[in-house]
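Here's a quick briefing to read with the model open beside you. Let's walk through the folds, the charges and the greasy bits in turn.

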Number of protein chains: 2
Amino acid sequence: MMKKSVNTRRRILETAIRLFNGKGTKTVTTNHIAAAVGISPGNLYYHFRSKKDIIHGILDLMDECGFEAIKRIESKNAPLSLETIEHKFRVIQEINWRFRFFKRELPSLIMNDPALKVRFKKSHDVILFMLRDSMVRYSEAGLLMKMNDGEMDLLSHELWLVILFWLNYLEISGMKVTKKNIEMGSNLLREIIKSKMMATTRHKV
Amino acid sequence: MMKKSVNTRRRILETAIRLFNGKGTKTVTTNHIAAAVGISPGNLYYHFRSKKDIIHGILDLMDECGFEAIKRIESKNAPLSLETIEHKFRVIQEINWRFRFFKRELPSLIMNDPALKVRFKKSHDVILFMLRDSMVRYSEAGLLMKMNDGEMDLLSHELWLVILFWLNYLEISGMKVTKKNIEMGSNLLREIIKSKMMATTRHKV
DNA sequence: GTCTATAAGCGGATAGAC
DNA sequence: GTCTATCCGCTTATAGAC
């Protein structure tokens with residue numbers, strides 16, 4: 001009996017993700033989700049207190065994915081290289097794509113949900129710190145040029161901005177979200193980092 | 001009699017902008033707008049066919065602002081310099097700020113309104129072309145390093161991405177949208193362009 | 001756990017008086 | 001041009017049977 005419930009819960013989440021990605025969280029109603037899952041609205045509300053609760057459930061899933069991705073990436077004991085960075089970018093973009101409604105609506109969602117604002121801010125700070133830390137290590141290893149704190153901050157923000165919004169940029173540009181166009185974001189990141197490379201190491205890439 | 005109508009129309013638009021900026025286009029209803037203007041819902045629908053019509057009316061206003069801004073900027077006969085670029089960025093950010101609901105919801109709005117998608121795509125192409133053209137001229141003038149077409153494209157996309165999403169980035173980062181933080185976006189643009197400058201000209205800035 | 005039925009309210013939008 | 005009144009559909013969410 002318990003097992004069936006867990007599955008239904010999961011199916012609601014997966015269906016909601018699919019519909020939200022297609023039409024947005026405001027357009028898609030709890031009734032739509034229930035219908036698409038093939039259950040009654042009442043049943044949906046047995047598993048989730050509210051629509052907001054569904055969204056937060058999806059975010060739990062997303063965080064899980066992100067956590068696993070980080071483990072996978074770090075456990076590879078990857079060397080400090082452009083390839084490593086680009087690989088990370090691709091992994092992150094896969095998550096961004098799977099939950100694309102989220103980044104797409106991020107500013108709006110945050111604006112209308114203080115709890116979400118706090119929640120995202122935490123992830124944001126962690127990721128930004130990790131990114132910055134990576135860059136500092138690259139710099140100390142002599143791969144990137146020496147930068148002061150302000151320059152490091154700016155570089156981190158720049159990279160994170162591209163990672164966060166690249167899919168959105170593709171969407172509004174009318175470009176299809178294809179492997180090739182996602183690759184373009186990867187190229188962009190490489191260009192950004194290459195421009196900070198030591199002249200002595202730059203020819204190697 | 002005609003005059004009063006024009007004023008009401010304008011008041012509806014200005015009020016809608018304010019409310020949309022604060023709570024988003026989905027949360028703010030036509031009733032909210034009418035109440036905030038101090039008119040009846042029926043009267044609002046005398047001036048606008050639909051809610052979508054209001055949004056498009058706002059965009060007409062925005063385009064007007066953009067057009068005037070471009071005239072202002074170009075008429076100054078500005079020299080090719082970093083300062084000119086940063087000045088342009090600030091002018092654009094003022095418009096982005098005044099109509100901030102738009103860029104904030106851009107991917108969602110486009111998704112649910114095909115006419116808007118076409119409309120924005122046109123602006124997008126024009127601006128991207130202008131940006132690219134600027135960069136090519138800077139390059140030909142010997143201020144920027146020589147780049148091939150692909151590199152030029154990537155640089156243009158990068159600059160446009162930052163311009164488009166910088167305010168969004170501030171919002172989701174939990175940073176206040178202050179003059180100082182907007183300035184940070186300006187700094188970022190400068191860093192991006194500086195990294196493409198000729199070694200011989202770089203020291204001048 | 002899942003269903004049916006339904007409450008309660010709000011949304012966009014219109015008709016017709018003034 | 002503006003208002004009052006109102007319709008209809010849809011939305012979130014709950015009550016209670018099975």
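Is Arg137(B) buried, partly exposed or exposed? Arg137(B) counts as partly exposed, at 38% relative accessibility. Keep in mind that this is a predicted model. Across all chains, a search of the whole structure turns up 28 salt bridges, and Arg137(B) takes part in a salt bridge with Asp133(B).

**Chain A at a glance**

- Chain A is built with 10 helices and 0 strands, so its pattern along the sequence reads α-α-α-α-α-α-α-α-α-α.
- The C-alpha trace of chain A spans about 65 × 35 × 30 Å along its principal axes.
- Of the 205 residues in chain A, 49% are buried.

**Helix α4 of chain A**

- α4(A) covers residues 51-75 of chain A.
- With 25 residues, α4(A) reaches 36 Å from its first C-alpha to its last, close to the 36 Å expected at 1.5 Å a residue.
- Asp60(A), by contrast, is partly exposed, with a relative accessible area of 41%.
- Lys52(A) also sits in α4 of chain A, and Lys52(A) is partly exposed at a relative accessible area of 44%.

**A positive patch**

- On the surface, Lys52(A) gathers with Lys26(A), Lys26(B) and Lys52(B) in a patch of positive charge.

- As a reminder, side chains of opposite charge can pair when their charged atoms come close.
- Arg119(A) and Asp60(A) meet through their side chains in a salt bridge, at 2.7 Å from N to O.
- Arg119(A) belongs to helix α7 (residues 114-140) of chain A and Asp60(A) to helix α4 of chain A, so this pair ties together parts that are 59 residues apart in sequence.
- In chain B, Arg98(B) forms a salt bridge with Glu14(B), and their closest N and O atoms are 3.2 Å apart.
- That pair ties together parts 84 residues apart in sequence, because Arg98(B) lies in helix α5 (residues 82-98) of chain B and Glu14(B) in helix α1 (residues 2-23) of chain B.
- Arg98(B) counts as partly exposed at 30% relative accessibility, and Glu14(B) counts as partly exposed at 28%.
- Back to Arg137(B): its side chain meets that of Asp133(B) in a salt bridge at 3.6 Å, N to O.
- Arg137(B) and Asp133(B) are separated by about one helical turn, because they are 4 residues apart in helix α7 (residues 114-140) of chain B.

**Helix α7 of chain A and a nonpolar patch**

- Ile70(A), Val126(A), Ile127(A), Phe129(A) and Met130(A) make a nonpolar surface patch of about 420 Å².
- α7(A) gives the most to the nonpolar patch, with 4 residues.
- Val126(A) has its place in helix α7 of chain A, and Val126(A) is partly exposed with a relative accessible area of 46%.
- What about Leu116(A), buried or exposed? Leu116(A), found in helix α7 of chain A, counts as buried at 2% relative accessibility, because the cut-off for buried is under 20%.
- From Leu116(A) to Ser139(A), 23 residues apart along the chain, the C-alpha atoms are separated by 34 Å.

**A buried leucine in chain B**

- Leu189(B) lies in helix α9 (residues 179-194) of chain B.
- With a relative accessible area of 3%, Leu189(B) is buried.
- The C-alpha atoms of Leu189(B) and Ile163(B) are separated by 8.4 Å, and the two residues are 26 residues apart along the chain.

Definitions and conventions
Residues numbered from 1 in each chain as written. Chains lettered and ligands numbered in written order. Predicted model: local features only at pLDDT ≥ 70, side-chain atom pairs only at ≥ 80, totals over all residues. Heavy atoms only, no water. Patch = residues over 30% accessible without salt bridge, like charges linked within 9 Å, V, L, I, M, F, W, Y side chains within 5 Å. Areas by Shrake-Rupley, 256 points an atom, 1.4 Å probe, with all protein chains shown as cover. Salt bridge = Lys/Arg side-chain N within 4 Å of Asp/Glu carboxyl O. Lys, Arg positive; Asp, Glu negative; His and termini not counted. Charge placed at Lys NZ, Arg CZ, Asp CG, Glu CD. Helix = DSSP H or I, 4+ residues; strand = E, 2+ residues; numbered from the N terminus. Buried < 20%, exposed > 50% of the residue type's maximum accessible area, 1.4 Å probe, protein only. Expected span 1.5 Å × (residues − 1).
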